[in-house]
Amino acid sequence: MWHGRAAVQRGDHVRGCQPGNRSQPSLWHRHRCLVWHTLQSRRDVERYLPTHTKTRTQAPHTPTDTQKAGKYGDYRSCDAPMSLAESLFSHLSMVQDQFDYIIMTGDVPAHDTWNQSKTDQIAHLVVLDQLFNTYLPNKPVYSCIGNHESSPMHSFPPPTIPVADIGWLYGALAQSWGKWLPQSALETVVSCGGFSISPFPGFRIISINDNYCNKGNLWLLLDTRDPCNVLQWLIGELQKAEDKGEKVHMLLHIPPGEGDCLKAWSYNYFNIVNRYENTIVNQFYGHSHKDWFEMFYDNVNFQRPVGFGFIAPSVTPGGQINPIYKIYTMDGNYTGSSWAVLDVDSYYLNLTEANLSGNPVWKYEFSPRQLFKMPSLYAADWDNLVQRMEGDDDLLQLFNLYKNNLYPQDKCTGTCRTDLLCGLVEGRSYDPELCKKHIDF
């Protein structure tokens, strides 16, 4: 993560997220990781219409000046041009002393959904590798698979479907990720698209392919039990981590409480988080392009917070959002470390200013501890923030603005307010009772 504080005030210990000891870690005992979701860059560098996808079969089209997207992208339905991607990487190369490693939560190819071949998808991975090798050659990168990586989008057939083969993608990902993963981890990338790795003693990163819960993955109509045995494998990895006393960060693309994640898979994952609440200290998701979080509660009374997931905003600006990345400062590498996230700093690019000036400037956006006056960033703190927003409309409107990456918003009332608050407390999908237990309507 990045900007450390001279001192970080710990909150009360929360079951499931307890620091290893009460002594304040020094700055030398912190690690910082850079996280972003969905680059989704276009490999062409010409200007393009916000809803126009160029293919080889389309006639040439010359957009008017008002239709053209800006040099660094557009708030309309445009993905990130290479100029935006290169701006980000150039900026990160200048501040790389502020972070130790990088997390990407999936979605590399653009939203050219039905115009993408397997060759196109792999080419996007190659371009991303070239950017890392050019600008950040010595920074480890740990990723999970997005739903846009396959061709066609969403298509992730389980190995029980012999007529379909996703090996072309998993093999390409193993080659792309192989610089930072041991052979044992690459074997699970090739088989099911996930991995488990311990980059530091006492700390483990587990990346799972939750496209096997994606309701858009029509192959799941043939096998919905536990495709590719992803959850069974996850339980085994978490049990080994628990036995060793390791703390775990989870990487998933689709937030498991979202409606895009099928109910049975989501419920099982919810129970796994409950069982290993003292081992899983943080989770990182993508998919939504927005900046928010998702709570997990005990599976008995559904009142006690046992965990939560950070949902990362995106770099691609399509959908009326500014590009954002985050630096997470975590309890670091020392005996008894909790490896929990202590603070988060967000940085954004004001797309309007960048396009007008031709000079992209990545600026500091906010820290939730400062902006929302949170004593710490454990599950109980995020649960408390939800309770505060329920009774403080100014705080809710502020949260909604930053959730939408500083793109101006109408006042969030009625259905908007209900959807916002319910989305924060629903850690498993298709369970409206969870919201009723926490939010007064």
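Me: How many salt bridges does a search of the whole structure find?

Reply: Side chains of opposite charge can pair when their charged atoms come close. A salt bridge is counted when a side-chain nitrogen of Lys or Arg lies within 4 Å of a carboxyl oxygen of Asp or Glu. The search of the whole structure finds 11 salt bridges. This is a predicted model, in which local features need pLDDT of at least 70 and side-chain atom pairs count only at pLDDT 80 or more, while totals for chains, interfaces and linings use all residues. Residues are numbered from 1 along each chain as its sequence is written, and side-chain values use heavy atoms, with hydrogens and water left out.

Me: Which residue forms a salt bridge with R76, and is D74 buried or exposed?

Reply: R76 pairs with D74, and their closest N and O atoms are 2.6 Å apart. Buried means under 20% relative accessible area, exposed over 50%, and partly exposed in between (1.4 Å probe, protein chains only). D74 is buried at 11%, whereas R76 is partly exposed at 34%.

Me: Where in the chain do E277 and R304 lie?

Reply: Helices (H or I, at least four residues) and strands (E, at least two) are DSSP runs, numbered from the N terminus. E277 forms a salt bridge with R304, with 3.0 Å between the closest N and O atoms. The pair links distant parts of the chain, 27 residues apart: E277 is in the loop between α6 (263-275) and β9 (280-285), and R304 is in the loop between β10 (292-297) and β11 (305-311). E277 is buried, with a relative accessible area of 5%, while R304 is partly exposed at 29%.

Me: How do strands β6 and β7 pair?

Reply: Two strands pair if DSSP finds at least two bridges between them. Strand β6 (residues 195-200) and strand β7 (residues 203-207) are antiparallel and share four bridges. One of the contacts has F195 with S207 of β7 as its bridge partner. The two strands form a hairpin with two residues between them, and G202 in the turn has a positive phi of about 85°.

Me: Which residues make the nonpolar surface patch of about 390 Å²?

Reply: Patches are made of residues with over 30% relative accessible area and no salt bridge; like charges are joined within 9 Å, and nonpolar side chains (Val, Leu, Ile, Met, Phe, Trp, Tyr) within 5 Å. Accessible areas come from the Shrake-Rupley method with a 1.4 Å probe, and for residues only the protein chains shown count as cover. Here L218, L221 and L222 make the patch. L222 lies in the loop between β7 and α5 (230-244) and is exposed at 61%.

Me: How many disulfides does the search find, and what pattern do they follow?

Reply: A disulfide is a covalent bond between the sulfur atoms of two cysteines. The cut-off places the pair of cysteine sulfur atoms within 2.5 Å. The search of the whole structure finds four disulfides. With bonded cysteines counted along the chain, the pattern is 1-3, 2-4, 5-6, 7-8.

Me: Where in the chain do C192 and C228 lie?

Reply: The sulfur atoms of C192 and C228 are 1.8 Å apart. The pair links distant parts of the chain: C192 is in helix α4 (residues 183-192) and C228 in the loop between β7 and α5, 36 residues apart. The link is left-handed, with -85° about the S-S bond.

Me: Why is the disulfide of C412 and C416 left-handed?

Reply: The disulfide joining C412 to C416 has an S to S distance of 2.1 Å. The torsion about its S-S bond is about -110°, so the disulfide is left-handed. C412 is buried at 0%, whereas C416 is partly exposed at 33%.
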